[in-house]
Amino acid sequence: MHLSDLPPGQRDDWTIDQQWDRYTPEQHQVWATLFERQTKLLEGRACDEFLAGMRALPIAPDKIPDFRQLSAVLKQHTGWEVVAVPGLVPDEVFFEHLANRRFPAGQFIREASQLDYLQEPDVFHDVFGHVPLLMNPIIADYIQAYGVGGLRAKEKGVLDLLARVYWYTVEFGLVEQKDGLRLYGAGIVSSYTESIFALDDPSPNRVRFDLPRVMQTDYRIDDFQETYFVIRHLDELLQLAHTDFAPLYEQVAQRPVLQPGTILPQDQLVHRGIGTYHNAKR
Ligand SMILES: [Fe+2]
C-alpha cells in the first residue's frame with residue numbers, strides 16, 4: 001500500500017480528521033432521529049452496562065458526537081480512544097487499532113432516506129453501537145484482545161474462525177440479565193428492526209454461547225441473524241480474552257462449517273427458533 005493510494009487527508013493508519021465542524025444541520029438531524037428512535041427502544045432491551053456507558057459519555061441526543069470529547073472520557077475510564085476512518089478499513093489496520101485501544105469509527109453518517117440500510121458502518125453504528133460498551137472494563141479488554149488475536153489469526157490463515165466469534169459477540173451478542181435476555185451486540189443495538197427481532201421474534205434460535213461451536217458457525221451479513229448466541233454474564237467474554245485460541249483453531253478447522261440456522265443435538269437452547277422469517281425467504 002502506497003501513501004499515494006490513500007484518499008486525500010488520510011494517513012497510513014487510515015485515520016482521518018473527523019472535521020466535526022463540517023457536519024451539516026441535516027447530518028446532525030439524521031443522528032437526532034436515529035438517537036431518539038433507538039433510545040426509546042433500548043430501555044429494557046439493552047444490557048445494563050450499555051445503558052450505563054451511554055449515560056456516562058458525552059453523547060447528546062441532537063448532535064453527532066465529537067470524537068475528541070468521547071476520547072477524553074474513555075481514556076480516563078478504560079484507556080480507549082475513538083479515531084475517525086472513512087469507512088471499512090483493511091483487517092490488519094483494524095486489528096492494529098484495536099490492539100492499541102483505538103476504536104476506528106466511520107466519520108460519515110447515513111442519508112436520511114436510508115435510515116435502516118447500511119453498506120458500511122457509519123458514525124451511528126460505530127459510536128452509538130460500540131462506544132458505550134468500551135466504557136466497560138471487560139469489553140474494553142475483550143476488544144483489545146480481539147485486535148491482538150486478529151493479527152495472529154490473520155498470519156495463521158484462520159481469520160474466518162475468529163471473525164465469527166467477534167460477529168456473534170461484539171456485533172450480535174445477547175446476554176442473560178436478571179430481568180431476562182438483553183442486547184449487547186453493537187449490530188443489534190444500533191438497528192431499530194433487529195433490536196426487536198433479536199429479542200422478541202420467535203423466528204431466530206437463541207443458543208448458549210460455546211466457543212468452538214461459534215467458531216464453526218457461518219453468519220449472515222445482509223440480513224437478521226438466524227441464530228443468536230447467549231452468554232450468561234459479560235464476564236464470559238473476559239475468560240475468552242484470556243483463552244489461547246491456537247489449539248481450538250486446529251480442532252475447529254477439521255470440522256464442517258455450520259449454516260447459520262443449524263441446531264446441533266448438544267446445543268443448549270435458550271429458545272428454539274421457529275424459523276418463519278428466514279424460511280419465507282428461501
Ligand atoms: Fe460494528
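Helices here are DSSP runs of H or I with at least four residues, and strands are E runs of at least two, numbered from the N terminus. I kept in mind that this is a predicted model, where local features need pLDDT of at least 70, side-chain atom pairs count only at pLDDT 80 or more, and totals for chains, interfaces and linings use all residues. Residues are numbered from 1 along each chain as its sequence is written.

Next I checked the packing: H6 (residues 137-156) and H7 (residues 159-171) make an angle of about 160°, with axes 9 Å apart. Axes are lines fitted to C-alpha atoms, for helices over the stretch in contact, and angles run from 0 to 180 degrees between N-to-C directions. So H6 is roughly antiparallel to H7 (over 145 degrees).

I then listed who meets whom; among them are Ile-143, Tyr-146 and Ala-153 in H6, and Leu-159, Leu-162 and Val-170 in H7. Contact here is C-beta atoms, placed from the backbone, within 7 Å.

I moved on to the sheet, which is open, with five strands in the order S4-S3-S6-S5-S7 and mixed pairing (strands pair if DSSP finds at least two bridges between them). S4 (180-183) and S7 (269-271) stand at the edges with a single partner strand each, so one side of each lacks a neighbour in the sheet. The twist averages 35° from one strand to the next.

Last, I noted that S3 (residues 174-177) pairs with S4 in the antiparallel sense over four bridges, and that Gln-177 has Gly-180 in S4 as its bridge partner.

Technical notes. Angles under 35 degrees count as roughly parallel, over 145 as roughly antiparallel, 65 to 115 as roughly perpendicular and the rest as oblique. Two residues are in contact if their C-beta atoms, placed from the backbone, lie within 7 Å.
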